[in-house]
Amino acid sequence: MKTARRKNRIEALQILFQLDMNQDISTQKALKHFEDFYSLDKKQVEEFTHRLVMGVTEKLGQIDSVLKQASENWRPDRMAAVDRNALRLGVY
C-alpha cells in the first residue's frame, strides 16, 4: 500500500519530468496540467507535492551543481530524464 508521502513523491517526479521535457511551460502550468489530466481523482495537487516541485524548480541551479560534483563522468544533462529528476528530488 502506498503511503501518502510516497504518492506525493511519485507525483512530484512525474511533474518534474514533465517540466524537464517541456521547458516552455511554467511550474504552475505543469502543476495545473497534472491536476487536470493525470490526477486520478481530479483534485488539487497536495501541499507536499507542491512544495517538492516548487523547491526543486527554485533551487535547480544549486541542485544540478551538487549533482555535477557528486557524479563522475556524468553531467546532469547526459543523465536519463527520470534518473536526473529522481536525483534532483533526493538532493532537494
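The questions and answers that follow concern this predicted model and set its computed values against the cut-offs behind each label.

Q: Why is the pair Lys7 and Glu46 called a salt bridge?
A: A salt bridge requires a side-chain nitrogen of Lys or Arg within 4 Å of a carboxyl oxygen of Asp or Glu. The closest N and O atoms of Lys7 and Glu46 are 3.5 Å apart, so the pair meets the definition.

Q: How do you know whether Lys7 is buried, exposed or partly exposed?
A: Buried means under 20% relative accessible area and exposed means over 50%, with partly exposed in between. Lys7 has a relative accessible area of 30% and is therefore partly exposed, and Glu46, at 27%, is likewise partly exposed.

Q: What makes Asp20 and Arg88 a salt bridge, and where do the two residues lie?
A: The closest N and O atoms of Asp20 and Arg88 are 3.8 Å apart, and because the limit is 4 Å, the pair counts as a salt bridge. Asp20 belongs to helix 1 and Arg88 to helix 5, 68 residues apart, which makes this another link between distant parts of the chain.

Q: What makes Asp36 and Lys32 a salt bridge, and how are the two placed along helix 2?
A: The N to O distance between the side chains of Asp36 and Lys32 is 3.0 Å, which is within the 4 Å limit, so the pair qualifies. Asp36 and Lys32 are four residues apart in helix 2, and they are therefore separated by about one helical turn. An α-helix has 3.6 residues a turn, so residues three or four places apart point the same way. With relative accessibilities of 34% for Asp36 and 46% for Lys32, both partners count as partly exposed.
The structure holds eight salt bridges.

Q: How do you know that the length of helix 3 agrees with its number of residues?
A: The 12 residues of helix 3, at 1.5 Å a residue, should span 16 Å, and because the end C-alpha atoms are 16 Å apart, the two values agree. The buried residues of helix 3, among them Phe48, Leu52 and Val53, pack against helix 1, helix 2, helix 4 (60-70) and helix 5.

Q: What makes a set of residues the largest nonpolar core here, and which of its members have the most contacts inside it?
A: A nonpolar core is a set of buried nonpolar residues joined through side-chain atoms within 4.5 Å. The largest such core has 15 residues, and those with the most contacts inside it are Ile15, Leu16, Leu19, Leu31, Val53 and Leu89. Helix 1, helix 2 and helix 3 each supply at least two residues of this core, and helix 3 gives the most, with five residues. Leaving aside neighbours within four places in sequence, Leu31 is in contact with Ile15, Val45, His50, Val53 and Met54.

Q: Why is Asn8 called buried, and what is it in contact with?
A: Asn8, which lies in helix 1, has a relative accessible area of 3%; this is under the 20% cut-off, so the residue is buried. Neighbours within four places in sequence aside, Asn8 is in contact with Glu46, Phe48, Thr49 and Leu52.

Key
Residues numbered from 1 in each chain as written. Predicted model: local features only at pLDDT ≥ 70, side-chain atom pairs only at ≥ 80, totals over all residues. Heavy atoms only, no water. Buried < 20%, exposed > 50% of the residue type's maximum accessible area, 1.4 Å probe, protein only. Expected span 1.5 Å × (residues − 1). Contact = heavy atoms within 4.5 Å.
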